[in-house]
Amino acid sequence: MKTLPRILALAGLTAALVSTSARAEDVKAGDLVITQAWTRATPNGAKIGGGYLTIENKGTTPDRLVSGTGDVAGKIEVHEMSMDNGVMKMRALDKGLTIEPGKTVKLAPGGYHLMMFDLKNPLKQGDKVPVTLEFEKAGKVSVSLDVQAVGAQGPGGGHSGHGDHSGHMDMKKM
């Protein structure tokens, strides 16, 4: 029965390798580490989309996310969404988004995010969307946004570990 523990160990190792390779790649630029870059699938005809990611500043000086570019969109801006007396407000951060030394800034639905205007094509679940972020100090950084389901709340879908299937519909013959 020595083979069973080996098979189980191999299965566990294989599962760990598969789950980590499916994750968005960490990108290092100067003192910055960018992780969990993702976006949501968009319906046909949609002209705007959001981009989300996490930026950690491991350095001793602040840096600033100024803008973004990519073939996917006519224009990419850094935006902030906030609530003011029950009214949702969204605005471009004209001076960019500061990432203080030793801090992590998360761009996520309902807060800071990349706003992609004039999308050239729909964003399709499972695709990777290359964009270039521009930082004041780290310069231009290429990142790939993993396209999640419509309505996804984070990279990799839901919190149960089973993924977010809200963008799927079962089509059955009537």
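1. Rings of Phe, Tyr and Trp (its six-membered ring) are taken to pair if their centres lie within 6.5 Å, and planes under 30 degrees apart count as stacked, over 60 as edge-to-face and the rest as tilted. The structure holds one aromatic pair, formed by Trp 38 and Tyr 52, which is tilted, at 4.6 Å centre to centre and with 40° between the planes. This is a predicted model, in which local features need pLDDT of at least 70 and side-chain atom pairs count only at pLDDT 80 or more, whereas totals for chains, interfaces and linings use all residues. Residues are numbered from 1 along each chain as its sequence is written, and side-chain values use heavy atoms, with hydrogens and water left out.

2. Helices (H or I, at least four residues) and strands (E, at least two) are DSSP runs, numbered from the N terminus. Trp 38 is buried, with a relative accessible area of 3%, and Tyr 52 also counts as buried, at 7%; here buried means under 20% relative accessible area, exposed over 50% and partly exposed in between (1.4 Å probe, protein chains only).

3. A salt bridge is a side-chain nitrogen of Lys or Arg within 4 Å of a carboxyl oxygen of Asp or Glu, and by this rule the count comes to six. One of them joins Arg 64 to Glu 136, with the closest N and O atoms 3.4 Å apart. Arg 64 lies in strand β4 (residues 63-69) and Glu 136 in the loop between β10 (128-135) and β11 (139-148), so the pair ties together parts that are 72 residues apart in sequence. Arg 64 counts as partly exposed, at 25% relative accessibility, whereas Glu 136 counts as exposed, at 51%.

4. Lys 75 counts as partly exposed at 45% relative accessibility, as does Glu 77 at 21%.

5. Two strands pair if DSSP finds at least two bridges between them. β10 and β11 pair in the antiparallel sense over eight bridges, with Leu 133 standing opposite Val 141 in β11, and a hairpin joins β10 to β11 through three residues. β2 and β11 pair in the parallel sense over three bridges, and here Trp 38, the buried residue of the aromatic pair, stands opposite Asp 146 in β11.

6. A pocket, on a 1 Å grid over the protein atoms alone, is an open set of points where a 1.4 Å probe fits, with protein on both sides within 12 Å along at least five of seven lines, and lining residues have an atom within 4 Å of a point. The second largest pocket has a volume of about 200 Å³, a volume being the space filled by probe spheres set on the points, which are joined across faces, edges and corners. This pocket is lined by 13 residues, of which Arg 40, Gly 49, Gly 50, Tyr 52 and Met 115 lie nearest its centre. The elements that give two or more residues to the lining are β2, β3 and β9 (112-119), and β3 gives the most, with four residues.
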